[in-house]
Amino acid sequence: MTGAVAGPGTPGLRPPLPLIFAVTATGITANTLVAPAVPDILEGLDASRGYAGLLVGAATLPGILLAPLIGLLADRFGRRQVLLPCLVVFGVAGGLGAVAPSLWVLVALRLAQGVGSAGLINLAVVIIGDHWQGTERARMIGRNAAVLTTSLAVLPTLGGWLTEVGGWRAPFLLYPLALVTALLLGRYLPRVPPLQVAFRRQLTLALPLLRTTTVLGTLSAAMITFALIFGLLLTVLPLHLEQAFGIDATVRGLILGLPALTNTSAALMLGRLRARFGRRSLLGAALVCFVVALSMVASASGLPILVAGILLFGVGEGLMVPNLQDITVGAAPDSSRGTIVAIFVSASRLGQTTGPVVAGVGLAAVGAPATFAGGAVLAALLLVALLVAHRGARAVVGG
């Protein structure tokens with residue numbers, strides 16, 4: 001047991017769904033709100049465009065190491081006790097970005113904000129796993145993913161508009177809204193007693209799960225998927241839109257939000273699609289979408305092809321991310337769910353952090369089209385690995 005008063009799926013003691021969704025929406029703002037402003041931030045602080053990856057990746061770097069620790073703490077002391085301080089740190093550090101006097105101060109604040117964000121999206125998924133089971137859990141995770149992707153549609157547009165109206169500092173003024181979420185969380189999410197086992201025993205229960213093929217596969221897929229999303233769509237694409245097409249911040253925000261439309265539609269259909277086609281087929285379909293979409297963006301000479309490519313990429317996201325989340329949640333027992341989901345998020349954060357840095361280097365070295373083409377090759381390699389693993393699993397069953 002996790003020490004929770006309400007066991008998984010206890011309807012009367014479930015926390016309000018809007019509160020869970022608010023935590024998810026807050027967590028996703030770390031990069032999506034400021035992504036359209038990245039060129040303006042670098043110009044305003046007299047920084048080279050080569051620092052774009054560092055600026056974006058700073059908010060995700062702490063989560064690589066801290067997410068597993070936060071998961072352990074949430075399993076041990078309860079979800080509420082960990083989420084509250086995460087939200088407060090996120091809101092305060094993010095809001096202070098509005099008055100950052102230099103790039104390095106802003107990067108430091110983004111790192112601090114990343115400390116808070118390390119416990120947000122993962123624990124929202126954990127809370128769903130605590131209180132819903134089976135097909136209903138997949139449906140709720142799909143809804144949560146739809147909230148996330150709707151935020152991806154709205155927030156870049158909002159961030160771009162705020163940048164146009166109030167300058168690059170304006171988007172940072174929205175981060176203190178996390179304090180409102182923390183206030184509501186403190187009121188409505190119940191406090192639970194701590195886990196009554198030794199810390200070493202807690203680790204002993206969780207570690208064997210990390211050696212399973214299911215968990216290892218989801219960790220690898222999550223890292224690559226988020227590297228593609230944050231490296232290509234949120235780092236390279238805004239600069240490519242400005243340089244190749246002369247598009248301003250507001251329109252950049254609109255275009256960056258477009259994949260969320262198809263992403264949301266696919267995520268909301270997750271339960272139905274899983275029942276009909278199965279997990280592995282959906283993962284394969286998602287990777288095919290990534291390969292074709294990134295190839296289209298790499299070769300696009302006009303906006304229509306580019307827009308079609310990023311819309312198709314959104315379909316791949318909607319099939320991939322919530323499916324991986326549900327697989328991970330289902331692979332962990334109650335006492336280790338926070339830890340395993342947090343390690344999944346840590347792998348995702350590794351992709352979110354390394355993706356922008358590698359993509360930024362690629363952008364400077366070979367240009368945007370070749371960088372997008374490299375992403376398509378990476379997705380194709382992951383697809384081959386999935387097919388080989390599937391064939392190996394069938395051979396074992398057949399033998």
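The following legends describe close-up views of a predicted model.

**Figure 1. Helix α17 and the residue that follows it.** Helix α17 comprises the 30 residues 337–366. Because 22 of the 30 residues of α17 are buried, the helix is largely enclosed by the rest of the structure. Gly 367 follows α17 and has a positive phi, near 95 degrees.

**Figure 2. The largest cavity and its lining.** The model contains three cavities of 30 Å³ or more, and the largest cavity holds about 380 Å³ of space. A total of 29 residues line the largest cavity, and Ile 28, Ile 121, Leu 148, Phe 226 and Gln 352 are those that lie nearest its centre. By class, this lining consists of 16 nonpolar, 11 polar and two charged residues.

**Figure 3. Helices around the largest cavity.** At least two residues of the lining of the largest cavity are supplied by each of α1 (17–32), α7 (121–131), α8 (134–166), α11 (213–245), α16 (303–330) and α17. Helix α17 provides the largest share of this lining, six residues.

**Figure 4. The second largest cavity.** About 90 Å³ of space lies within the second largest cavity. Its lining includes Thr 32, Leu 152, Pro 156, Ile 229, Leu 233 and Leu 234, together with Leu 256, Pro 259, Ala 260, Asn 263 and Glu 317. Two or more of these lining residues come from each of α8, α11 and α13 (259–268). The lining of the second largest cavity has eight nonpolar, two polar and one charged residues.

**Figure 5. The largest pocket and the residues at its centre.** The volume of the largest pocket is about 520 Å³. Of the 18 residues that line the largest pocket, Thr 213, Gly 217, Arg 280, Leu 283 and Leu 386 lie nearest its centre. Helices α11, α15 (279–299), α16 and α18 (368–398) each give two or more residues to the lining of the largest pocket. The lining residues of the largest pocket divide into 11 nonpolar, five polar and two charged.

**Figure 6. Helix α11 in the linings.** With six residues, α11 gives the most to the lining of the largest pocket. Helix α11 also supplies at least two residues of the lining of the largest cavity, and α11 gives two or more residues to the lining of the second largest cavity.

Terms used:
Residues numbered from 1 in each chain as written. Predicted model: local features only at pLDDT ≥ 70, side-chain atom pairs only at ≥ 80, totals over all residues. Heavy atoms only, no water. Helix = DSSP H or I, 4+ residues; strand = E, 2+ residues; numbered from the N terminus. Expected span 1.5 Å × (residues − 1). Buried < 20%, exposed > 50% of the residue type's maximum accessible area, 1.4 Å probe, protein only. 1 Å grid on protein atoms, 1.4 Å probe; cavity = no way out; pocket = protein on both sides within 12 Å on 5 of 7 lines; lining within 4 Å. Points joined across faces, edges and corners; volume = space filled by probe spheres on them. Nonpolar A, V, L, I, M, F, W, Y, C, P; charged D, E, K, R; others polar.
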